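These are my notebook entries on a single protein chain. I record below what I looked up, entry by entry.

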Amino acid sequence: MADPYTTLGVARGASEKDIKSAYRKLAKELHPDKNKDNPKATERFSAATNAYDLLSDKNKRAQFDRGEIDADGNPTNPFGGMGGGFGGGRRSHQGGFSARDFENMQPEGVDLGDIFEGLFGGGMGGSRGAPPGSGRGPSGFGRGPSPPPRKGADIPYRLRVAFTEAASRADQRITLADGKTIDLKLPAGVEDGTQMRLKGKGEKGPGGAGDGLVTISIDKHGFFRRDGHDVRMDLPITLNEAVDGAKVKVPTVDGPVMMTLKPGTNGGTVLRLKGKGFSKKNGQRGDQLVTLEIILPIDLPELAKRLDGWQDDSNPRGEMGI
């Protein structure tokens, strides 16, 4: 079995950040979606995922570094610590016990054959005098319950979602490592980096299949900006619309709507469209905040001609003390 550090291409003293970065790089390169005709890449992807599963768990990593478990997470020496457990016998030249050592050690009425059969041949549970399922023989030797079979490794996925679809929680479609395509409903409160767990959509294992871990990546938009649960945008309007008032069409993440401008609307005014933002975890939605920008006409000489003789004597900066 491969050393997990070697599999990920990192040193034994690598930090958690280095290990995570190395795994992400390999996962991106070897992902089954990009290597459908390359079974070796799929095998390396699975090996990298198993290695990351072990090294990202602080306890498992420490056990592996101490040599207590192997790269698959199994104990390296299930009978460790038993040497020298029998007192009073003469050791052989190799450091163990010879058959002669036991000639004078066997207590009356005890069959040593049963003891060793229980230890090595009978699974510890079938010795005489032991309650069923106790895992102990008459000599008191025992073993704890076997660890449950390990589930298969989780498979990571990254799903890119359009800004407007993330805000409106439109259904998404994703192709899994086995080639199957499924539809996903985005969760309430979805953000960039949100993770979704797909039960049983990971690698198969003796204890069942692992899960699929989908990380959401929300694309940026040309004029929408996210502000918490709200959506912001700047809306250009003409000078006539600002002065005379008008009904204007405004884009939203759910599609365009009509909005009324009052006569004499100033540039920089912020108008609120209720319920047109991102969803919160309670299912409610934020708002869309529209900042108005007055755009002067291209033909400024014509505008100047129309304003000839008119003078605005107000002081819009008076409140600033200037």
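Entry 1. I find an open sheet of three strands in the order 1-5-4, with mixed pairing. I take strands as DSSP runs of E of at least two residues and helices as runs of H or I of at least four residues, numbered from the N terminus; two strands pair if DSSP finds at least two bridges between them. Strand 1 and strand 4 stand at the edges, each with a single partner strand, so one side of each has no neighbour in the sheet. Neighbouring strands of this sheet are turned by 25° against each other on average, direction ignored. For such angles, axes are lines fitted to C-alpha atoms, for helices over the stretch in contact, and the angles run from 0 to 180 degrees between N-to-C directions.

The model is predicted, so I note that local features need pLDDT of at least 70 and side-chain atom pairs count only at pLDDT 80 or more, while totals for chains, interfaces and linings use all residues. Residues are numbered from 1 along each chain as its sequence is written, and side-chain values use heavy atoms, with hydrogens and water left out.

**Entry 2. Pairings within that sheet.** I looked up strand 1 and strand 5, which run parallel and are joined by seven bridges. Tyr-157 has Val-214 of strand 5 as its bridge partner. Strand 4 pairs with strand 5 in the antiparallel sense, over four bridges, and here Arg-197 is bridged to Leu-213 of strand 5. Strand 4 (residues 195-198) has a covered face, formed by Met-196 and Leu-198, and an uncovered one, formed by Gln-195 and Arg-197.

Entry 3. Strand 6 and strand 7 (residues 230-238) pair in the antiparallel sense over three bridges, with Val-231 of strand 7 as the bridge partner of Arg-226.

**Entry 4. Strand 8, strand 9 and Thr-260.** Strand 8 (residues 246-250) pairs with strand 9 in the antiparallel sense over five bridges. Their hairpin has six residues between the strands, and Gly-255 takes a positive phi near 115° there. I then followed Thr-260, which is found in strand 9 (residues 257-261) and is the bridge partner of Lys-247. Is Thr-260 buried or exposed? I record it as exposed, because its relative accessibility is 52% (buried is under 20% relative accessible area, exposed over 50%, partly exposed in between, with a 1.4 Å probe and protein chains only). Not counting residues up to four places away in sequence, Thr-260 touches Ala-246 and Lys-247, where contact means heavy atoms within 4.5 Å. Thr-260 and Val-248 are twelve residues apart in sequence and 6.4 Å apart in space, C-alpha to C-alpha.

Entry 5. Most residues other than glycine have a negative phi. Arg-169 has phi near 55°, a positive value, and lies in the loop between helix 6 (163-168) and strand 2.

**Entry 6. The largest pocket.** About 770 Å³ of space lies in the largest pocket. Of its 23 lining residues, the closest to its centre are Tyr-23, Arg-24, Ala-27, Pro-156 and Tyr-157. A pocket is an open set of points on a 1 Å grid over the protein atoms alone where a 1.4 Å probe fits, with protein on both sides within 12 Å along at least five of seven lines; lining residues have an atom within 4 Å of a point. Grid points are joined across faces, edges and corners, and the volume is the space filled by probe spheres set on the points. Which element gives the most to this lining? Helix 2 does, with five residues. By class, I record eight nonpolar, six polar and nine charged residues (Ala, Val, Leu, Ile, Met, Phe, Trp, Tyr, Cys and Pro count as nonpolar, Asp, Glu, Lys and Arg as charged, and the others, Gly among them, as polar).

**Entry 7. The second largest pocket.** This pocket holds about 380 Å³ of space. It is lined by 20 residues, and Ile-155, Leu-176, Ala-177, Asp-178 and Gly-179 are the closest to its centre. Helix 3 and strand 1 are the elements that give two or more residues to this lining.

**Entry 8. The whole chain.** I note eight helices and eleven strands in the protein chain. Of its 322 residues, 29% count as buried.
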